[in-house]
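User: I have a structure to learn from, and I would like to work through it in short questions. Please keep the answers brisk.

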Amino acid sequence: MVPSLFLAHGSPMLAIEDTGYSQFLENLGQQIKPKAIVIFTAHWETDVLTISYTNDAYDTIYDFGGFPDELYRIKYPAKGSEPVAEMVEARFKQAGIAVRRDTTRGLDHGSWTLLYRMYPNADIPVVQISVNPYLAVREQIKIGEALQGIGKEDILVIGSGVTVHNLRMLKFGQQHPDAWATEFDDWLIAHIQNHDVDALADYETQAPHARMAVPRAEHFVPLFIAMGSGNPDTKAQIIHRSYDYGTLSYLSFAFS
């Protein structure tokens with residue numbers, strides 16, 4: 001059985017920079033060898049949950065600008081899996097969650113930068129799924145709950161986002177994290193590990209510095225989807241914690 005993961009994807013430079021976090025991802029990929037990956041990416045927003053439905057190799061989407069040419073030369077031609085997509089779709093429908101299929105979209109950098117570090121051979125089928133940042137926390141958890149147990153089939157669920165993600169607050173060149181960013185993550189860790197859904201559902205008013213940490217929820221909600229897909233009776237594990245640019249969090253969790 002493989003756990004569900006929430007992984008920070010941070011800057012697109014993750015794909016080419018050698019850092020403690022990129023090394024962590026490489027080691028993680030060596031430890032977890034799924035037969036397929038289902039990834040919810042913060043960089044694909046839709047009103048209705050949308051599932052990539054293809055058996056072909058994905059195009060690589062460069063949904064960013066102003067980075068080194070080397071980054072735009074990377075290709076991540078992982079293939080999709082219609083059987084896995086169909087199984088996921090059926091689970092959502094059984095849970096009363098509306099879904100759509102997408103047959104043309106490639107992998108955005110919320111997906112491929114992480115997977116490039118974890119599984120550089122692009123030899124594991126990937127099903128990419130959108131997020132709706134406007135749904136309440138409990139609704140995000142419900143989406144994850146529809147996928148509980150698929151880790152027993154060696155299918156890896158990944159929520160790809162960031163807990164503290166405020167581009168206006170980045171401090172380039174700063175190596176140590178700002179106190180407000182770590183205080184927000186500390187609060188989050190405590191309530192995630194206690195599975196305190198009531199507090200998490202009200203994070204905007206209860207969590208310290210929530211407005212600065214989460215000015216918009218698209219990078220935050222993949223955490224709750226990953227959490228929902230794990231066993232609520234098992235304590236979440238912190239598998240990595242570091243910061244870049246003073247405020248960008250690489251806090252990552254495993255939900256068994």
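User: Which backbone nitrogen does the side chain of Ser 130 reach?

Analyst: This is a predicted model, where local features need pLDDT of at least 70, side-chain atom pairs count only at pLDDT 80 or more, and totals for chains, interfaces and linings use all residues. Residues are numbered from 1 along each chain as its sequence is written, and side-chain values use heavy atoms, leaving out hydrogens and water. Ser 130 is found in strand S5 (residues 126-131); strands are DSSP runs of E with at least two residues, helices are runs of H or I with at least four, and both are numbered from the N terminus. At 2.9 Å, the side chain of Ser 130 reaches the backbone nitrogen of Thr 50.

User: Is Ser 130 buried or exposed?

Analyst: Buried means under 20% relative accessible area, exposed means over 50%, and partly exposed lies in between (1.4 Å probe, protein chains only). Ser 130 has 0% relative accessibility, so Ser 130 counts as buried.

User: Which side chain makes a polar contact of 2.6 Å with that of Ser 130?

Analyst: A polar contact is a pair of N or O atoms within 3.5 Å; within protein, one must be able to donate a hydrogen and the other to accept it, and residues adjacent in sequence count only if both atoms are side-chain atoms. Thr 50 has a polar contact of 3.5 Å with the side chain of Thr 46. Ser 130 is joined at 2.6 Å to the side chain of Thr 46.

User: What is the relative accessibility of Thr 50?

Analyst: Thr 50 sits in strand S3 (residues 49-52). Contact means heavy atoms within 4.5 Å. Leaving aside neighbours within four places in sequence, Thr 50 contacts residues including Trp 44, Arg 100, Asp 102 and Ser 130. Thr 50 counts as buried, because its relative accessibility is 6%.

User: Which residues touch the most other members of the largest nonpolar core?

Analyst: A nonpolar core is a set of buried Ala, Val, Leu, Ile, Met, Phe, Trp, Tyr and Cys residues joined through side-chain atoms within 4.5 Å. The largest one has 53 residues, and the two that touch the most other members are Phe 40 and Phe 92.

User: How many of the ten residues of helix H4 are buried?

Analyst: H4 covers residues 109-118. Its buried residues include His 109, Trp 112 and Met 118. They pack against several elements, among them strand S1 (4-8), helix H1 (20-31) and strand S6 (155-161). H4 is largely enclosed by the rest of the structure, because its buried residues number nine.

User: At roughly what angle do the axes of H1 and H4 cross?

Analyst: Axes are lines fitted to C-alpha atoms, for helices over the stretch in contact, and angles run from 0 to 180 degrees between N-to-C directions. Angles under 35 degrees count as roughly parallel, over 145 as roughly antiparallel, 65 to 115 as roughly perpendicular and the rest as oblique. H1 and H4 are therefore roughly perpendicular. Their axes come within 7 Å and cross at roughly 65 degrees.
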